Amino acid sequence: MRFEDLRLSKPLLDAVRTAGYETPTQVQAQVIPLALEGKDVLGCAQTGTGKTAAFALPIIQRLSEDQPPQLKEGERPRFRSLRCLVLAPTRELAKQIADSFATYGRYTKLKRAVVYGGVNKRPQTRTLRQGVDILVATPGRLLDHMSDSSVSLKTVDILVLDEADNMLDMGFLPDIKRILSKIPKQRQTMLLSATMPPAIRALASEILDNPVSVEAARVSSPAENVEHWSYRVEKDGKANLLCSVLEATPFTRALVFTRTKHGADKVVRHLSRAGVSADAIHGNKTQNARSRALAGFRTGKTDVLVATDIAARGLDIDNISHVINYDLTAEPETYVHRIGRTGRAGASGTALSFVSGEDRGKLRAIERLIQITLQPAVDIPGYVAPKGREDRPIGRPRSESGRRSNTGPRSDGNTRSGSSTGNRPKPRFANKNGGPRRRPRGDKRETTTAAK
Ligand code: AMP
């Protein structure tokens, strides 16, 4: 399948070529032809599947074909009416989607804007009042602008709800309903969600008209090329364990998940004291601080990003070698979202989970969902018990019937090979005394390839 087979117009084909895409992803091949026909779409797809282009490309094409009445030479439209609204749960995701619209619409004349909370409203108001074709928004800030009469949704004829499950988890349902009540019923609607719990199905049946359902990747099938390991640790030993693990593990970029914002800050402080460059991203940070943390992580200035689930939703960052579940979550699907950040685009990745006594149930739920046993880290070739403690396997059978197990050590030769006594992997941040230290200035390390 080629992009040319999807009936996309030349400006869009040129844009995907400029973006370096060779072939459509599975979700793009499925959604684009249907969305071009104006059909409603219910898409089960998570970040990393190319879902943004799957809805953005047909939207741009439809809006470009359906231009407002021709203007005379040199005449500028006095006011553009808003024709497409995309709702997203977080500021970061909204920004990412707007950037994607810019990438794919670079050879068209459509105007787009993005609005989200946590930043000054005035510049957004100015942009909205000038008129835009496509608006990407988080629900709360959009409602703000609506009540200021900075934007009207009366002319919207394409609506997208992206990461709908996350929007519902975050309590946005009432906001979404208020927004929906202001959009004409006669419209095209696309709803994308990584999971399809009953609440999403109910919303879908309410707002979609005879939709076609497409499924990009089952949420319960995490990247095949991710290794899953678990560390048995008591709660108060997690911070030290994290330092030891980072010290002993060669990694490119590590994303650490904590349950709370406060917990994320504590972990960053602990890592910083140990000389590891780390930053946090969570809802209590200002938009600027979050953007700075993300930029530092994307460019390789920061080695470790500590995040809460909500703040990290939808983040598209390449080359994350390790996802570390500092705290496990009660929702096993969240594990799948988290590890979806590593092992992307065919690269291999590693997921490490810290399991305290009270987490056993959560661990089992995760294993049941993904049908993989998280192997105790003592089995990692080259494993060295963190300082000050003797690690023991988590007390349960290694492999239960019907489950796949980790496939064992990676064969790429750049990580954990060798025995626990001989070939201990070289710590990436070791100083002369074997302790961690900051990366020296000018260290030419791999940096991200797709900071969108
Ligand atoms: P998404 O799932 O929309 O967040 O996209 C994930 C990543 O895949 C983004 O970095 C996109 O730029 C990239 N991408 C989207 N479509 C393609 C494609 N057809 N070929 C290669 N990369 C793609």
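The second largest pocket in this predicted model is lined by 32 residues. Nearest its centre are Asp169, Met170, Asp309, Ile310 and Arg313. The volume of this second largest pocket comes to about 640 Å³.

What is the make-up of the lining, in nonpolar, polar and charged residues? For the second largest pocket, nine of the lining residues are nonpolar, 12 are polar and 11 are charged.

Next, where the lining comes from. Four helices each give at least two residues to the lining of the second largest pocket: H6 at 139–147, H7 at 164–169, H13 at 309–312 and H14 at 332–339. In terms of domains, domain 1, which covers 3–65 + 78–215, and domain 2, which covers 226–391, each contribute at least three residues to that lining.

Now to strand S8, residues 226–232. Is S8 mostly covered or mostly open? Mostly covered: seven of its seven residues are buried.

Which strands does S8 pair with? One is S13, residues 349–355, and the pairing is parallel, over seven bridges. If you want a place to look on screen, take Trp229, whose bridge partner in S13 is Leu352. Another is S15, residues 375–376, also in the parallel sense, over two bridges.

Technical notes
Residues numbered from 1 in each chain as written. Predicted model: local features only at pLDDT ≥ 70, side-chain atom pairs only at ≥ 80, totals over all residues. Heavy atoms only, no water. Buried < 20%, exposed > 50% of the residue type's maximum accessible area, 1.4 Å probe, protein only. Pairing = 2+ DSSP bridges. 1 Å grid on protein atoms, 1.4 Å probe; cavity = no way out; pocket = protein on both sides within 12 Å on 5 of 7 lines; lining within 4 Å. Points joined across faces, edges and corners; volume = space filled by probe spheres on them. Nonpolar A, V, L, I, M, F, W, Y, C, P; charged D, E, K, R; others polar. Domains from an automatic or database assignment.
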